Amino acid sequence: MSTTMDAFPADTFRDPAQEATHAPAQAPARGKARRSATAAGRTRVKVAMLGFVAIYGAIAGKLVYLGLKGPEHSNTLGAAIVQSSPRPDLLDRNGEVLATDIKTSSLFAEPRRIIDVDEAIEALSSVLPDMREPSVRHKLKSGAGFVWLKREITPEQRFRIHRLGIPGIGFLDENKRFYPGGGMASHVVGHVNVDNQGIAGIEKYIDDEMNLNELHKLGIVHDRGLKPRKLSLDLRVQHVVRDEIAAAKERFHAVAAVGIVLDVHTGEVIAMSSLPDYDPNNPSEALEKDRMNRATAGVFEMGSVFKTFNSAMALDSGRVSLNDSFDARGGLAFGGQRISDFHGKNRILSVPEIFIYSSNIGSARMALKVGPQGQYDFFTKIGFHSKLKTELPEVAMPLWPKRLSEVSSATQSFGHGISVSPMHTAAATIPLMNGGKMIPPTFFVRTRAEADAMAVQVVKPETSEKMKYLFKLNGQIGSGTRADVAGYRVGGKTGTAEKIENGRYVANKRFNSYLAAFPIDDPQYVVLVTIDEPKAEKDVGAATAGLNAAPTVAAIVKRIAPMLNVPPRFDLAPATLASN
């Protein structure tokens, strides 16, 4: 028995009595463990559920936030729309469009939404090759909310890019300035930058006057709220002036030319052209030095046309009359300097003869009789010592001697030692032709009543009558005969000035001009033509203003007089020399 019993291992054989004795003690422990494990499992499930709720709650909250916020780029795009804001149309005095807005598309990107920058660049460059430039890659990798990629793309380019379906690439419709006449009136109208903001000419003036930039930022200005602005230019006259000075520039192989037409009763600029000009549809051309606005932003020694103002000064002072005479023999010496005549008569000349023979000596003696202070005061009255007051931003300050002296007064009498712009010269002629009233030039339409309200009497009416006589005389028997047009009675004064290089006058480089008014018996318009560095034609042998600037004025007047409703007259007596 013992052997059999020894066959069972001691640790596997349990006495039922013992089992009965230990069983009640182990059962409560196992139940507690099972209950503990079950509670832990429930806790983990609750935690997991809470986690899922929190995650999905966050996602739902974000979706609600994004839904309320709208597109991520909306704010930045709004700023871009402000930059490409609308502008008022610019019209000439007859309603012809000089500048207007057209709609165009611009390409932008939202780099944060770009999935693959390399892929986007590869696709875009299939339509726009310049998208391969490093700057584009830099923009797309910037992580910014909005960047411009290319402004003013064509409809075809927009269509092709749209078909590519690149995420994060979009388009905005913008206002683009368009100038139907190209360079026809570029130095007056000016131009805008890529954001449609005026940066030159009347475009810039309008921005400053209307405070357009600030209004656009505030969202106050809209396309429908802008009324067209009417300029004083007559597009027909502008075309003629530009056409004729272009022909003169080419014919006389000049480097530049200017043409101006002013209304003597209102101060309105009817035409102004400075060649070479530029196409405002391509504003980068304006940065080229040769294309500067010489009409208002350039100052020049105008030469003998200044005898016009010196004569008016002398006559208006009361110290010189048309019947006076001055010794024009020999020369006039100031220390080492000597004043002489280009076409010397070597005799005593009357005031009208000094004017029509363009005597430097006679003009200098007239100035000396009035005195430097009198000349200074007169030149100040007609604007030669201050910046021209007009709307155009590009206006140059005149240059004149700061110290009064007899020699500076003598040289200024024939246009040396003082530099003004062609527009300054034309504007200062207005009171000499309209009875003595100084009216500032304007590039906007102005009525005669409005002009009279702001006019300042700077010259006696009788002085104006004497200047009209001198202009008429010179146009009929003096250096301006080639400017006359049968029936339209053009009077004026020539100017042939040597240009200064490195502080010295250069004989073969001239600045020629003809300052005119018509019809000279009752002037309505001032016309000024300047030709910079003209060359003499074959078989002529000279390049004087009487041979190039004066006939250019004639060509202009012949075409514009009918447009301006100036009737031809053939019943008026010719001018005669009052004193000889």
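Two strands count as paired if DSSP finds at least two bridges between them. The legends below describe close-up views of a predicted model.

**View A. Strand 8 pairs with strand 18.** Strand 8 covers residues 256–263 and strand 18 covers residues 525–532. The two run antiparallel and are joined by 8 bridges. Among the residues involved is Leu262, whose bridge partner in strand 18 is Val526.

View B. The 5 strands follow the order 9-8-18-17-16, and their pairing is antiparallel. Strand 9 (269–275) and strand 16 (491–501) stand at the edges. Each of these edge strands has a single partner strand, so one side of each is left without a neighbour in the sheet. From one strand to the next, the twist averages 15°.

**View C. Helix 19 packs on the sheet.** Helix 19 consists of residues 549–563. Which strands does helix 19 touch? Helix 19 touches strand 8, strand 17 (504–518) and strand 18. The direction of helix 19 makes about 25° with that of strand 17.

**View D. Glu465 lies in helix 18.** Helix 18 spans residues 461–477. Glu465 has a relative accessible area of 48%, which falls between the limits of 20% for buried and 50% for exposed, so Glu465 is partly exposed. The side chain of Glu465 makes a polar contact with the side chain of Lys468, at 2.8 Å. Leu432 is 33 residues away from Glu465 along the chain, and the C-alpha atoms of these two residues are separated by 7.9 Å.

Note on methods. Residues numbered from 1 in each chain as written. Predicted model: local features only at pLDDT ≥ 70, side-chain atom pairs only at ≥ 80, totals over all residues. Heavy atoms only, no water. Helix = DSSP H or I, 4+ residues; strand = E, 2+ residues; numbered from the N terminus. Buried < 20%, exposed > 50% of the residue type's maximum accessible area, 1.4 Å probe, protein only. Polar contact = N/O pair within 3.5 Å; in protein donor to acceptor, adjacent residues only side chain to side chain. Axes fitted to C-alpha atoms, helices over the stretch in contact; angles between N-to-C directions. Contact = heavy atoms within 4.5 Å.
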